[in-house]
Amino acid sequence: MTSVIDLRHFQHGSLPDSFKRMLIDVHADSYADAMDLEFNQRFPWFVDHWSGMEGFTCVVAFDGEEPAGFAYGAPLQPGREWWRSTDYQPNNGYTSTYAVSEVMVRPRWRKQNISDRLHEALLKVRTEDLAVLLVDVTHPKVQELYGSWGYAKVGEQQPFADSPVYAVMVKNLRPA
């Protein structure tokens, strides 16, 4: 039996008290086999950082009242877009960029197209020109998934000394 998944939207300035704990718990379940890595242990810092950004938006997938996954991000400041460290050149100077920081689905709910739905709902109302995200280069199947969603790899970067090397992937959000 397939679960009925309810997508709920959240944004900076109106987050419930339990919101950050919920994201941290979903992350801990999703990365249970890799929580010994120091970088993964810093996820609460990332939740605080991103949820405090002006323009932060998040979509959470719920199965009843149980969070199954989430996607979140925020607009990047001009000149601070992740693709700037690559040779990528936006078309016609359209550079406003929304960073998709996380797309995560707990193991029990994987392979049900929930990540697709979360990602689509997150970007549906964005007005920026581009979306950008980072994907661990050791996960080619994840890069392929994002490629199927319209992203193209434009380079690589390692944003933190203890983070993986990431593929920088960009998607044009403007209608062609």
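**A chat about pockets, cores and salt bridges**

Visitor: Hi! Are Glu128 and Arg126 buried or exposed?
Guide: Glu128 and Arg126 are both buried. Keep in mind that this is a predicted model.

Visitor: What does Glu128 form with Arg126?
Guide: Glu128 and Arg126 form a salt bridge, with their closest N and O atoms 2.9 Å apart.

Visitor: And how many salt bridges does the structure hold?
Guide: There are 11 salt bridges. One of them pairs Arg42 with Asp162, at 2.4 Å between the closest N and O atoms. That pair links distant parts of the chain, 120 residues apart: Arg42 sits in the loop between H2 and H3, and Asp162 in the loop between E6 and E7.

Visitor: New topic! What is the volume of the largest pocket?
Guide: The largest pocket has a volume of about 1,800 Å³. Its lining has 47 residues, and Tyr31, Ser101, Glu102, Val103 and Leu134 lie nearest the centre.

Visitor: Which element gives the most to that lining?
Guide: Strand E4 does, with 6 residues. By class, the lining has 27 nonpolar, 11 polar and 9 charged residues.

Visitor: What about the largest nonpolar core: which residues touch the most other members?
Guide: Leu23, Trp50, Cys58, Phe70 and Tyr72, out of 29 residues in that core. Helix H1 gives the most to this core, with 5 residues. A second, separate core of 23 residues includes Val59, Val103, Val105 and Met169.

Technical notes. Residues are numbered from 1 along each chain as its sequence is written. This is a predicted model: local features need pLDDT of at least 70, side-chain atom pairs count only at pLDDT 80 or more; totals for chains, interfaces and linings use all residues. Side-chain values use heavy atoms; hydrogens and water are left out. On a 1 Å grid over the protein atoms alone, a cavity is a set of points where a 1.4 Å probe fits but cannot get out, and a pocket is an open set with protein on both sides within 12 Å along at least five of seven lines; lining residues have an atom within 4 Å of a point. Grid points are joined across faces, edges and corners, and a volume is the space filled by probe spheres set on the points. Helices (H or I, at least four residues) and strands (E, at least two) are DSSP runs, numbered from the N terminus. Ala, Val, Leu, Ile, Met, Phe, Trp, Tyr, Cys and Pro count as nonpolar, Asp, Glu, Lys and Arg as charged, and the others, Gly among them, as polar. A nonpolar core is a set of buried Ala, Val, Leu, Ile, Met, Phe, Trp, Tyr and Cys residues joined through side-chain atoms within 4.5 Å. Buried means under 20% relative accessible area, exposed over 50%, partly exposed in between (1.4 Å probe, protein chains only). A salt bridge is a side-chain nitrogen of Lys or Arg within 4 Å of a carboxyl oxygen of Asp or Glu.
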